[in-house]
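Student: I have a model open and would like to learn how to read its features. Could we go through it together?

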Amino acid sequence: WLQVMRSLCLFAATAGVASAFSFNPPSDSNAAAVQSRRDALTNLVSAGAACASAAIISVPTEPANAGVGAPVPFDETRKVFFPGSLINSVAALRIESALKYKNISDSRRKQNLDDKKRAKYGPKNTLVVTCSCSDDMTPMADTLAGMLGKDLTNTGVDGVVSLDCGSGGMPSSNVMSDISSAAKKLSESAGGRDINVVLIYGPHVGISKEGKVGYVERRVNDEESIATSEYATKAGDDRAIADAAKQAYKAIKSKIESQIGAGVLGEGISEMTVVGGVTLNRSKFGKEKGEDAFYPLYAKQIMSDGSSLDIFDGAFGDREVPPKDRE
(Lines give C-alpha, C1' and ligand atoms only; values in the text may rest on other atoms or scores of the structure.)
Protein backbone atom coordinates (compact mmCIF):
# COMPACT_ATOMS: atom_id res chain seq x y z
CA TRP A 1 0.00 0.00 0.00
CA LEU A 2 2.81 2.37 0.90
CA GLN A 3 4.56 1.59 -2.39
CA VAL A 4 1.38 2.41 -4.32
CA MET A 5 1.12 5.79 -2.61
CA ARG A 6 4.74 6.56 -3.40
CA SER A 7 4.21 5.63 -7.06
CA LEU A 8 1.19 7.92 -7.33
CA CYS A 9 3.14 10.78 -5.76
CA LEU A 10 6.02 10.19 -8.18
CA PHE A 11 3.67 10.12 -11.15
CA ALA A 12 1.99 13.34 -10.08
CA ALA A 13 5.32 15.03 -9.46
CA THR A 14 6.73 13.95 -12.83
CA ALA A 15 3.66 15.18 -14.69
CA GLY A 16 3.73 18.47 -12.81
CA VAL A 17 7.42 19.08 -13.51
CA ALA A 18 6.96 18.37 -17.20
CA SER A 19 4.06 20.79 -17.34
CA ALA A 20 5.89 23.45 -15.36
CA PHE A 21 8.95 23.37 -17.63
CA SER A 22 7.06 23.27 -20.95
CA PHE A 23 7.60 26.96 -21.75
CA ASN A 24 9.98 29.07 -23.87
CA PRO A 25 13.14 30.65 -22.46
CA PRO A 26 12.21 33.68 -20.37
CA SER A 27 12.21 37.18 -21.84
CA ASP A 28 10.98 40.60 -20.86
CA SER A 29 7.84 40.03 -22.90
CA ASN A 30 6.72 36.90 -21.02
CA ALA A 31 7.79 37.79 -17.43
CA ALA A 32 4.26 37.24 -16.18
CA ALA A 33 4.24 33.74 -17.61
CA VAL A 34 7.60 33.00 -15.95
CA GLN A 35 6.29 34.13 -12.57
CA SER A 36 3.20 32.01 -13.08
CA ARG A 37 5.30 28.94 -13.72
CA ARG A 38 7.50 29.68 -10.67
CA ASP A 39 4.35 29.77 -8.56
CA ALA A 40 3.29 26.46 -10.09
CA LEU A 41 6.65 24.86 -9.17
CA THR A 42 6.35 26.12 -5.60
CA ASN A 43 2.88 24.66 -5.29
CA LEU A 44 4.10 21.42 -6.84
CA VAL A 45 6.86 21.00 -4.28
CA SER A 46 4.44 21.66 -1.42
CA ALA A 47 1.94 19.19 -2.82
CA GLY A 48 4.64 16.56 -3.25
CA ALA A 49 5.76 16.95 0.35
CA ALA A 50 2.18 16.68 1.57
CA CYS A 51 1.63 13.58 -0.55
CA ALA A 52 4.78 11.91 0.83
CA SER A 53 3.76 12.78 4.38
CA ALA A 54 0.30 11.34 3.84
CA ALA A 55 1.85 8.12 2.52
CA ILE A 56 4.01 7.79 5.62
CA ILE A 57 1.34 8.77 8.13
CA SER A 58 -1.16 6.38 6.55
CA VAL A 59 1.05 3.29 6.96
CA PRO A 60 -1.17 0.43 8.26
CA THR A 61 -0.73 -0.24 11.99
CA GLU A 62 -0.49 -4.01 11.41
CA PRO A 63 2.88 -5.26 10.11
CA ALA A 64 3.03 -7.07 6.78
CA ASN A 65 3.58 -10.37 8.60
CA ALA A 66 0.80 -9.84 11.14
CA GLY A 67 1.16 -12.12 14.13
CA VAL A 68 4.92 -11.82 14.55
CA GLY A 69 5.55 -10.09 17.86
CA ALA A 70 1.98 -10.62 18.98
CA PRO A 71 1.40 -11.81 22.58
CA VAL A 72 2.11 -15.52 23.05
CA PRO A 73 -0.62 -17.22 25.13
CA PHE A 74 1.91 -19.45 26.94
CA ASP A 75 4.01 -16.49 28.06
CA GLU A 76 1.02 -14.32 28.93
CA THR A 77 -0.49 -17.07 31.10
CA ARG A 78 2.70 -17.94 32.97
CA LYS A 79 3.31 -14.27 33.75
CA VAL A 80 -0.12 -14.06 35.35
CA PHE A 81 -0.20 -17.33 37.32
CA PHE A 82 3.55 -18.01 37.71
CA PRO A 83 5.13 -14.53 37.91
CA GLY A 84 8.91 -14.63 37.79
CA SER A 85 9.09 -17.86 35.78
CA LEU A 86 11.80 -18.20 33.14
CA ILE A 87 12.40 -20.46 30.16
CA ASN A 88 14.60 -23.41 31.07
CA SER A 89 17.75 -22.27 29.30
CA VAL A 90 17.74 -18.93 31.14
CA ALA A 91 17.02 -20.61 34.49
CA ALA A 92 19.96 -22.97 33.85
CA LEU A 93 22.35 -20.07 33.19
CA ARG A 94 21.29 -18.34 36.39
CA ILE A 95 21.79 -21.47 38.46
CA GLU A 96 25.20 -22.07 36.91
CA SER A 97 26.21 -18.49 37.74
CA ALA A 98 25.06 -18.93 41.34
CA LEU A 99 27.03 -22.18 41.59
CA LYS A 100 30.20 -20.59 40.28
CA TYR A 101 30.08 -17.49 42.42
CA LYS A 102 28.60 -17.65 45.91
CA ASN A 103 28.43 -13.89 46.46
CA ILE A 104 26.09 -12.33 43.89
CA SER A 105 24.43 -8.93 44.26
CA ASP A 106 20.66 -8.82 44.53
CA SER A 107 20.38 -5.98 42.00
CA ARG A 108 22.11 -7.13 38.81
CA ARG A 109 23.62 -10.39 40.07
CA LYS A 110 27.19 -9.08 39.77
CA GLN A 111 29.75 -11.83 40.16
CA ASN A 112 32.32 -11.82 42.94
CA LEU A 113 35.62 -12.76 41.32
CA ASP A 114 37.38 -13.74 44.55
CA ASP A 115 38.68 -17.24 43.82
CA LYS A 116 38.46 -18.17 47.49
CA LYS A 117 34.69 -17.80 47.36
CA ARG A 118 34.11 -19.86 44.24
CA ALA A 119 32.10 -23.05 44.54
CA LYS A 120 33.99 -25.99 43.05
CA TYR A 121 31.46 -27.35 40.56
CA GLY A 122 33.65 -28.81 37.85
CA PRO A 123 32.86 -31.25 35.03
CA LYS A 124 34.66 -34.14 36.76
CA ASN A 125 33.08 -33.84 40.18
CA THR A 126 29.52 -32.61 39.59
CA LEU A 127 26.48 -34.86 39.74
CA VAL A 128 23.09 -33.60 38.50
CA VAL A 129 20.06 -35.34 39.99
CA THR A 130 16.38 -34.79 39.20
CA CYS A 131 13.26 -35.71 41.14
CA SER A 132 10.48 -34.93 38.68
CA CYS A 133 7.13 -36.36 37.65
CA SER A 134 7.48 -39.75 36.00
CA ASP A 135 4.77 -38.87 33.46
CA ASP A 136 6.55 -35.76 32.16
CA MET A 137 7.20 -36.62 28.49
CA THR A 138 9.73 -33.83 27.92
CA PRO A 139 13.04 -35.25 26.59
CA MET A 140 15.77 -35.05 29.22
CA ALA A 141 17.86 -32.75 27.02
CA ASP A 142 15.09 -30.15 27.08
CA THR A 143 14.55 -30.23 30.85
CA LEU A 144 16.26 -27.92 33.32
CA ALA A 145 18.19 -30.85 34.81
CA GLY A 146 19.26 -31.96 31.34
CA MET A 147 20.58 -28.52 30.44
CA LEU A 148 22.53 -28.36 33.70
CA GLY A 149 23.91 -31.84 33.07
CA LYS A 150 25.09 -30.79 29.62
CA ASP A 151 26.79 -27.63 30.89
CA LEU A 152 28.23 -28.81 34.21
CA THR A 153 29.31 -32.42 33.76
CA ASN A 154 31.49 -34.58 31.55
CA THR A 155 28.73 -37.14 31.08
CA GLY A 156 26.22 -34.59 29.79
CA VAL A 157 22.52 -35.36 29.54
CA ASP A 158 23.13 -39.11 29.79
CA GLY A 159 24.74 -38.65 33.18
CA VAL A 160 21.72 -37.01 34.82
CA VAL A 161 20.35 -39.30 37.55
CA SER A 162 16.55 -39.57 37.72
CA LEU A 163 15.29 -40.50 41.16
CA ASP A 164 12.26 -42.70 41.75
CA CYS A 165 9.53 -40.06 41.92
CA GLY A 166 5.90 -40.76 41.19
CA SER A 167 3.52 -39.16 38.70
CA GLY A 168 3.21 -36.14 40.96
CA GLY A 169 6.95 -35.74 41.51
CA MET A 170 6.77 -37.03 45.08
CA PRO A 171 9.84 -39.11 46.11
CA SER A 172 8.85 -42.73 46.63
CA SER A 173 12.20 -43.70 48.14
CA ASN A 174 14.85 -42.10 50.33
CA VAL A 175 16.31 -39.23 48.32
CA MET A 176 19.53 -38.91 50.29
CA SER A 177 20.26 -42.63 50.09
CA ASP A 178 19.86 -42.67 46.29
CA ILE A 179 21.97 -39.53 45.88
CA SER A 180 24.76 -40.91 48.08
CA SER A 181 24.84 -44.12 46.05
CA ALA A 182 25.11 -42.24 42.74
CA ALA A 183 27.74 -39.85 44.16
CA LYS A 184 29.84 -42.78 45.37
CA LYS A 185 29.93 -44.28 41.86
CA LEU A 186 30.95 -40.96 40.34
CA SER A 187 33.61 -40.45 43.01
CA GLU A 188 35.15 -43.84 42.26
CA SER A 189 35.28 -43.07 38.54
CA ALA A 190 36.82 -39.65 39.29
CA GLY A 191 39.71 -41.02 41.34
CA GLY A 192 38.09 -40.67 44.74
CA ARG A 193 37.52 -36.93 44.64
CA ASP A 194 34.62 -35.36 46.56
CA ILE A 195 31.44 -34.82 44.62
CA ASN A 196 29.20 -31.75 44.36
CA VAL A 197 25.53 -32.50 43.76
CA VAL A 198 22.82 -30.41 42.06
CA LEU A 199 19.29 -31.62 42.86
CA ILE A 200 16.32 -30.33 40.85
CA TYR A 201 12.85 -31.17 42.14
CA GLY A 202 9.21 -30.20 41.77
CA PRO A 203 5.96 -31.00 39.94
CA HIS A 204 5.00 -30.00 36.43
CA VAL A 205 1.88 -28.50 34.87
CA GLY A 206 1.08 -27.74 31.25
CA ILE A 207 -0.02 -24.54 29.53
CA SER A 208 -1.72 -25.12 26.17
CA LYS A 209 -1.40 -23.19 22.91
CA GLU A 210 -4.42 -21.17 23.93
CA GLY A 211 -2.95 -20.37 27.34
CA LYS A 212 -5.09 -22.83 29.31
CA VAL A 213 -3.43 -24.06 32.52
CA GLY A 214 -3.44 -27.82 33.06
CA TYR A 215 -3.30 -28.86 29.41
CA VAL A 216 -0.50 -29.15 26.88
CA GLU A 217 -0.04 -30.59 23.39
CA ARG A 218 2.26 -33.61 23.16
CA ARG A 219 3.36 -36.01 20.41
CA VAL A 220 1.97 -39.53 20.71
CA ASN A 221 2.61 -41.96 17.84
CA ASP A 222 3.56 -39.00 15.62
CA GLU A 223 0.22 -37.32 16.23
CA GLU A 224 -0.74 -34.33 18.33
CA SER A 225 -2.35 -35.27 21.61
CA ILE A 226 -3.57 -33.24 24.59
CA ALA A 227 -1.97 -34.16 27.90
CA THR A 228 -4.09 -33.29 30.90
CA SER A 229 -2.48 -32.50 34.25
CA GLU A 230 -3.79 -34.35 37.28
CA TYR A 231 -4.42 -30.94 38.84
CA ALA A 232 -6.88 -30.11 36.05
CA THR A 233 -9.09 -33.04 37.07
CA LYS A 234 -9.20 -31.80 40.67
CA ALA A 235 -9.69 -28.07 40.07
CA GLY A 236 -11.65 -25.87 37.70
CA ASP A 237 -10.31 -22.60 36.35
CA ASP A 238 -6.74 -21.58 35.56
CA ARG A 239 -6.15 -20.01 38.96
CA ALA A 240 -7.34 -23.09 40.85
CA ILE A 241 -5.19 -25.43 38.73
CA ALA A 242 -2.11 -23.21 39.16
CA ASP A 243 -2.69 -23.09 42.92
CA ALA A 244 -3.03 -26.88 43.02
CA ALA A 245 0.38 -27.23 41.33
CA LYS A 246 1.93 -24.85 43.86
CA GLN A 247 0.44 -26.81 46.75
CA ALA A 248 1.85 -29.99 45.28
CA TYR A 249 5.26 -28.33 45.18
CA LYS A 250 5.05 -27.46 48.88
CA ALA A 251 4.24 -31.07 49.77
CA ILE A 252 7.23 -32.30 47.75
CA LYS A 253 9.48 -29.67 49.30
CA SER A 254 8.47 -30.79 52.80
CA LYS A 255 9.35 -34.40 52.05
CA ILE A 256 12.66 -33.48 50.35
CA GLU A 257 13.72 -31.39 53.34
CA SER A 258 12.77 -34.10 55.82
CA GLN A 259 14.81 -36.70 53.93
CA ILE A 260 17.84 -34.46 53.60
CA GLY A 261 17.55 -34.04 57.36
CA ALA A 262 19.73 -31.64 59.27
CA GLY A 263 21.91 -31.06 56.23
CA VAL A 264 24.66 -33.61 56.96
CA LEU A 265 25.56 -35.03 53.57
CA GLY A 266 26.61 -38.53 52.69
CA GLU A 267 30.20 -39.73 52.56
CA GLY A 268 32.16 -38.28 49.66
CA ILE A 269 29.75 -35.40 49.00
CA SER A 270 31.36 -31.99 49.41
CA GLU A 271 28.21 -29.94 49.03
CA MET A 272 24.75 -30.14 47.51
CA THR A 273 22.72 -27.43 45.80
CA VAL A 274 18.97 -27.99 45.97
CA VAL A 275 16.72 -26.14 43.51
CA GLY A 276 12.94 -26.50 43.66
CA GLY A 277 10.07 -25.13 41.62
CA VAL A 278 7.28 -25.90 39.19
CA THR A 279 8.06 -26.92 35.61
CA LEU A 280 5.70 -25.34 33.04
CA ASN A 281 5.30 -27.58 30.00
CA ARG A 282 4.80 -25.94 26.61
CA SER A 283 3.41 -27.21 23.31
CA LYS A 284 5.88 -28.80 20.89
CA PHE A 285 3.71 -28.22 17.80
CA GLY A 286 3.34 -25.40 15.28
CA LYS A 287 4.19 -21.75 15.76
CA GLU A 288 3.37 -21.94 19.48
CA LYS A 289 6.03 -24.55 20.21
CA GLY A 290 8.94 -23.62 22.42
CA GLU A 291 10.96 -24.30 25.55
CA ASP A 292 9.38 -25.34 28.79
CA ALA A 293 9.70 -22.82 31.62
CA PHE A 294 10.61 -23.04 35.30
CA TYR A 295 8.92 -21.28 38.21
CA PRO A 296 11.75 -21.00 40.80
CA LEU A 297 10.76 -21.28 44.45
CA TYR A 298 13.81 -22.63 46.28
CA ALA A 299 17.60 -22.53 45.92
CA LYS A 300 19.95 -23.48 48.73
CA GLN A 301 23.45 -24.90 49.11
CA ILE A 302 24.13 -27.43 51.87
CA MET A 303 27.71 -27.99 53.01
CA SER A 304 29.26 -31.21 54.29
CA ASP A 305 29.42 -29.80 57.84
CA GLY A 306 25.67 -29.22 57.92
CA SER A 307 25.77 -25.46 57.31
CA SER A 308 23.70 -23.99 54.48
CA LEU A 309 23.60 -20.93 52.25
CA ASP A 310 20.45 -19.57 50.63
CA ILE A 311 21.31 -18.61 47.05
CA PHE A 312 17.77 -17.87 45.83
CA ASP A 313 18.28 -14.10 45.83
CA GLY A 314 21.54 -14.47 43.96
CA ALA A 315 19.99 -16.60 41.24
CA PHE A 316 16.38 -15.40 41.08
CA GLY A 317 16.00 -12.46 43.47
CA ASP A 318 15.19 -10.00 40.69
CA ARG A 319 12.33 -12.14 39.37
CA GLU A 320 9.88 -10.90 42.03
CA VAL A 321 8.39 -14.30 42.81
CA PRO A 322 5.55 -13.81 45.35
CA PRO A 323 6.83 -14.68 48.84
CA LYS A 324 3.64 -16.62 49.65
CA ASP A 325 4.47 -19.13 46.91
CA ARG A 326 7.89 -19.73 48.44
CA GLU A 327 6.66 -20.41 51.99
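Student: How much space lies in the largest pocket?

Tutor: Rolling a probe the size of a water molecule over the atoms shows where empty space is left. In this predicted model, the largest pocket holds about 280 Å³ of space.

Student: Which residues lie nearest the centre of the largest pocket?

Tutor: Those are Thr130, Ser132, Cys133, Asp136 and Thr143, out of 21 lining residues. Two or more lining residues come from each of β2 (126-131), α5, β4 (195-201) and β8 (269-282). By class, the lining has nine nonpolar, 10 polar and two charged residues.

Student: Helix α5 is on that list. At what angle do α4 and α5 pack?

Tutor: Two packed helices are described by the angle between their axes and the distance between the axes. Here α4 (residues 88-100) and α5 (residues 144-152) pack at about 50°, and their axes are 9 Å apart. That angle makes α4 oblique to α5, and their crossing is right-handed.

Student: Which residues make the contact?

Tutor: From α4 they include Ala91, Ala92, Ile95 and Leu99, and from α5 they include Leu144, Met147 and Leu148. The contact of α4 with α5 has eight nonpolar, two polar and two charged residues.

How values were computed
Residues are numbered from 1 along each chain as its sequence is written. This is a predicted model: local features need pLDDT of at least 70, side-chain atom pairs count only at pLDDT 80 or more; totals for chains, interfaces and linings use all residues. Side-chain values use heavy atoms; hydrogens and water are left out. Axes are lines fitted to C-alpha atoms, for helices over the stretch in contact, and angles run from 0 to 180 degrees between N-to-C directions. Helices (H or I, at least four residues) and strands (E, at least two) are DSSP runs, numbered from the N terminus. Angles under 35 degrees count as roughly parallel, over 145 as roughly antiparallel, 65 to 115 as roughly perpendicular and the rest as oblique. A crossing is left-handed if the near helix is turned anticlockwise from the far one by less than a right angle, and right-handed if clockwise. Contact means heavy atoms within 4.5 Å. Ala, Val, Leu, Ile, Met, Phe, Trp, Tyr, Cys and Pro count as nonpolar, Asp, Glu, Lys and Arg as charged, and the others, Gly among them, as polar. On a 1 Å grid over the protein atoms alone, a cavity is a set of points where a 1.4 Å probe fits but cannot get out, and a pocket is an open set with protein on both sides within 12 Å along at least five of seven lines; lining residues have an atom within 4 Å of a point. Grid points are joined across faces, edges and corners, and a volume is the space filled by probe spheres set on the points.
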